[in-house]
Amino acid sequence: VSAVHSPGEAFARLQDSVAAVPRRLGRGYWLLVATAAAFAVFGGWCYSLIVRRGLYMTGLQRPGMWGNLITDFVFWVGIAHSGTLISAVLFLFRAKFRTAVYRVAEMMTVFGVMTAGLFPIFHLGRPWFAYWLFPYPNDRGLWVNFRSPLVWDVFAVSTYFTVSTIFLFVGIGPDAAALRDRASGWRRRAFGLMSLGWRGTDLQWRHYTRAYLFFAAFATPLVVSVHSVVSWDFAVSVTPGWHSTLFPPYFVAGAILSGVAMVITLLIPLRRVLQLKDIITPHHLDMLAKLVLFVSLIVTYSYGVEILLSLRAPPSDAERSTLLYRATGHYAPLFWTMVACNCAGPMLLAFRRVRASIPALLTICLLVNVGMWLERFNIVVTSLGHDRLPFTWRIYTPSWVEWGMTFGSFGWFFFWFLISLKLLPIVSIAEMKEELAHLHPAPPAEAAHG
Amino acid sequence: MARVLGAFSDPAAAARAIRALRAAGCEELRAAMPAPFPEVMAALGQPRSRLGLVTWPGALAGFAAGVALPVTTSLAWPLVVGGKPIVAIPAFVVIIFELTVLIGSITNLAASIALGWMRGGLAPLPGGRTFHGDRIGVVATVPDAELAERVLRAEGAEEVQRV
């Protein structure tokens with residue numbers, strides 16, 4: 001896109017490059033789709049065991065009644081977080097580097113919430129009554145308990161899913177219209193449907209730009225609220241290690257860290273395989289890496305505050321006991337791996353050479369993803385397994401069924417993400433054109449005609 | 001009145017042409033483009049969209065629903081849980097916030113689609129040509145077509161035609 005002579009030429013090249021994405025997905029792509037589908041099906045089969053035989057198929061035993069499934073829920077909500085951060089918050093802050101990468105982040109958000117939303121249902125003893133979570137008129141006049149954080153979760157996650165999906169498809173509208181003009185067959189019909197009658201006239205753009213601003217304004221507080229609400233699932237209880245006002249900011253920072261790391265993890269192979277290196281440049285990766293570094297510092301600070309506040313308590317204090325158990329007990333290797341992945345690893349991104357090295361960046365981000373899953377496991381499992389009643393302490397070990405569902409969730413997420421590469425424009429063509437127009441100004445009219 | 005279409009590859013040139021046409025007395029101007037180029041939108045001088053007049057009441061309706069749902073349902077089955085009051089406002093703030101955002105966003109979506117379809121929004125520019133790709137189309141409805149053609153060409157239009 002850089003070696004062009006006019007904005008029009010740059011627009012055409014950009015559009016061709018994005019339109020060519022589905023054609024660049026070869027046999028390797030279908031192999032990945034099949035692998036992801038196989039994992040998802042295996043996860044589904046594992047879940048069917050729980051439906052048929054009950055939660056006895058999990059490793060859950062009192063007092064540890066939350067395990068891998070809730071860990072997966074919190075992890076996937078966190079992954080879903082950064083999409084809205086990148087698309088809405090950075091839009092309001094006019095951070096231009098977001099333009100090339102926000103569509104991938106938004107897609108990741110929608111599929112992340114789609115994955116996360118399944119786990120509370122999986123975890124129900126009788127999942128066929130999942131609709132009881134929603135308030136609906138019934139003969140007995142019973143309503144949900146709106147004072148319960150679990151009901152807050154239902155509202156927070158379903159709102160986040162709806163708003164993220166709307167935001168994604170509103171952004172896609174003008175791009176779908178652009179791609180529709182050159183597409184054929186079912187893809188043309190699909191783009192026609194997604195474009196919702198888009199003509200690109202000044203009348204439509206006038207309302208569109210205003211609507212987009214409102215969507216960003218609505219979505220921005222959701223970035224803070226969703227994981228805050230998820231954190232209250234824990235913090236509102238009196239369980240040691242959970243009952244803390246630190247939890248909402250701590251969870252939000254962790255969610256952004258894991259989400260941005262996942263965006264980088266997805267972008268690095270995508271830009272290589274789909275030949276998008278001119279569009280998603282090292283500058284974009286560098287800016288995202290700085291974001292990982294910044295949020296990692298917040299997470300590290302939160303870990304530090306949690307540890308220091310617990311250590312100030314008297315030796316008999318349950319909070320202190322649970323914290324020491326995390327760091328020195330049965331799950332200590334997981335705790336220290338978490339600290340290494342989420343705190344020490346990202347610090348390397350302070351060095352420009354590390355940020356510029358694609359293998360190093362990818363490795364650090366993959367480790368952050370591992371570390372963030374472990375963080376959620378540490379929070380969920382160690383507090384329940386080591387609560388205020390020592391005679392109930394128990395070590396939780398996930399069963400193979402739970403591991404199957406955890407890996408199945410990755411299969412489910414990647415299946416939808418990979419399929420969407422065939423269907424959706426993975427770069428915002430319209431916003432990129434707006435940016436390119438100012439990167440490639442045409443020569444003055446007099447000179448052009450002169 | 002005649003209609004003249006000019007196609008530009010540079011948004012800045014399109015904006016200059018629109019300003020020149022307006023200076024020449026042309027009041028009826030329309031444009032279609034692949035992105036909301038700020039210079040073109042500013043040159044057209046259109047008023048700000050009134051979408052907010054629909055969206056904010058939608059958000060307020062969401063707020064009202066967010067208050068009404070937990071309060072009325074809690075009063076309908078007044079069961080004390082955890083020693084909290086029946087109408088526990090701090091606990092309901094989450095529901096109020098989520099419904100405000102949810103209904104506000106859905107209203108915003110519906111209103112933006114409706115406004116984009118109204119007043120000929122679904123119709124392409126005169127001449128039926130679309131401008132989603134690499135060109136910006138400017139259509140002027142003028143009494144003197146030759147003058148408009150001259151202005152469009154002088155400002156860098158790559159194609160000029162009567163539609």
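Author: Let's start with helix 12 (residues 332–347) and helix 14 (residues 358–385) of chain A, which pack at an angle of about 140 degrees with their axes 8 Å apart. This is a predicted model, where local features need pLDDT of at least 70, side-chain atom pairs count only at pLDDT 80 or more, and totals for chains, interfaces and linings use all residues. Residues are numbered from 1 along each chain as its sequence is written, chains are lettered from A and ligands numbered from 1 in the order in which they are written, and side-chain values use heavy atoms, with hydrogens and water left out.

Reader: Why are helix 12 and helix 14 of chain A called oblique to each other?

Author: Angles under 35 degrees count as roughly parallel, over 145 as roughly antiparallel, 65 to 115 as roughly perpendicular, and the rest as oblique. The angle here is about 140 degrees, so helix 12 and helix 14 of chain A are oblique. The axes are lines fitted to C-alpha atoms, for helices over the stretch in contact, and angles run from 0 to 180 degrees between N-to-C directions.

Reader: Which residues make that contact?

Author: On the helix 12 side of chain A they include Leu334(A), Phe335(A) and Met338(A), and on the helix 14 side Ile364(A), Leu367(A) and Glu375(A) are among them. Contact means heavy atoms within 4.5 Å. By class, there are 11 nonpolar, five polar and one charged residues. Ala, Val, Leu, Ile, Met, Phe, Trp, Tyr, Cys and Pro count as nonpolar, Asp, Glu, Lys and Arg as charged, and the others, Gly among them, as polar.

Reader: What about helix 9 of chain A against helix 14 of chain A: at what angle do they pack?

Author: Helix 9 (residues 247–273) of chain A packs with helix 14 of chain A at about 145 degrees, axes 9 Å apart. The contact residues divide into 17 nonpolar, four polar and three charged.

Reader: What makes Met57(A) count as buried?

Author: Buried means under 20% relative accessible area, exposed over 50%, and partly exposed in between (1.4 Å probe, protein chains only). Met57(A) has 11% relative accessibility, so it counts as buried. Met57(A) is in the loop between helix 2 (27–53) and helix 3 (68–92) of chain A. Leaving aside neighbours within four places in sequence, Met57(A) contacts Leu49(A), Ile50(A), Ser399(A) and Val401(A).

Reader: Why is Arg13(A) called partly exposed?

Author: Arg13(A) has a relative accessible area of 38%, so it is partly exposed. Arg13(A) sits in helix 1 of chain A, whose buried residues include Phe11(A), Leu14(A) and Val18(A). Those buried residues pack against helix 6 (149–180) and helix 16 (429–439) of chain A together with helix 1 (11–23) of chain B.

Reader: How do you know that the span of helix 4 of chain B agrees with expectation?

Author: The expected span is 1.5 Å times one less than the number of residues. Helix 4 (residues 89–117) of chain B has 29 residues and should span 42 Å, and its end C-alpha atoms are 41 Å apart, so the two agree. Helices are DSSP runs (H or I, at least four residues), as strands are (E, at least two), numbered from the N terminus.
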